[in-house]
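Here is a quick tour of the charged pairs and the nonpolar core in this model. Have the sequence and the structure open side by side as you read.

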Amino acid sequence: MAAQLNIVGPKAVDRRGVDAVDHVCPVPHAPGAVPAVRGRVRNILAEWGLSPDTTMDALLVVSELLTNALVHALPPATLRLSWVRVDGHAALRVEVTDAGPVLAGEGWGDPDPDEHGRGIDIITALAARCGIRVDTEGITRWADLRAA
């Protein structure tokens, strides 16, 4: 079942307590950052014992969220992986926070519409829920993937 995209305030997204296992990764604002971070995430998810199918879904979501932040937003970008509950089940939360949209003329060039623009469709198809949170830290796009 595809997730609905939720635009939420900073308090509407649930977080676990301070003892929750989190991984936070600053993302360099460079074209090679996505594959490097994907490799790091793959290792972390293997350490956490996530199933191969969920790991592949998570890596795709990480790629889409990071690419969005690097192409369409201002640095800095930060990736956070954490555990949340969705309908009583454990879920991996993937979050990417950036400093907001790039103003016209500041990006890496206009993306080719044939190669871009489907990321949110991919994320909503894979996630149990997903959304956007705007707060003083910037804009956070997140997706929750049910853990098998």
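Is Arg-80 buried, partly exposed or exposed? Arg-80 comes out as partly exposed, at 27% relative accessibility. For the cut-offs, buried is under 20% relative accessible area, exposed is over 50%, and partly exposed is in between (1.4 Å probe, protein chains only).

A word on the ground rules. This is a predicted model, where local features need pLDDT of at least 70 and side-chain atom pairs count only at pLDDT 80 or more, while totals for chains, interfaces and linings use all residues. Numbering starts from 1 along each chain as its sequence is written, and side-chain values use heavy atoms, with hydrogens and water left out.

**Salt bridges**

There are eight salt bridges in the structure, each being a side-chain nitrogen of Lys or Arg within 4 Å of a carboxyl oxygen of Asp or Glu. Here are some of them:

| Pair | N to O distance |
|---|---|
| Asp-22 and Arg-80 | 2.8 Å |
| Arg-80 and Glu-95 | 3.8 Å |
| Asp-87 and Arg-146 | 2.8 Å |

Take Asp-22 and Arg-80, which pair up in a salt bridge. They link distant parts of the chain, with Asp-22 in strand E2 (residues 22–27) and Arg-80 in strand E3 (residues 77–86), 58 residues apart. Strands (E, at least two residues) and helices (H or I, at least four) are DSSP runs, numbered from the N terminus. Asp-22 is partly exposed at 37%.

Arg-80 also has a salt bridge with Glu-95. Since Glu-95 sits in strand E4 (residues 89–98) and Arg-80 in E3, this pair ties together parts 15 residues apart in sequence. Glu-95 is buried, at 2% relative accessibility.

Then there's Asp-87 with Arg-146. Asp-87 is in the loop between E3 and E4 and Arg-146 is in strand E6 (residues 138–146), so the pair ties together parts 59 residues apart in sequence. Asp-87 is exposed at 64%, whereas Arg-146 is partly exposed at 40%.

Shared partners join Asp-22, Arg-80, Glu-95, Arg-133 and Asp-135 into one salt-bridge network.

**The nonpolar core**

A nonpolar core is a set of buried Ala, Val, Leu, Ile, Met, Phe, Trp, Tyr and Cys residues joined through side-chain atoms within 4.5 Å. The largest one has 29 residues, and those touching the most other members include Val-27, Leu-79 and Val-94. Helix H2 (52–72) is among the elements that each supply at least two core residues, and H2 gives the largest share, eight residues.

Val-94 has contacts (heavy atoms within 4.5 Å) that include Val-61, Leu-79, Arg-80 and Trp-142, leaving aside residues up to four places away in sequence.
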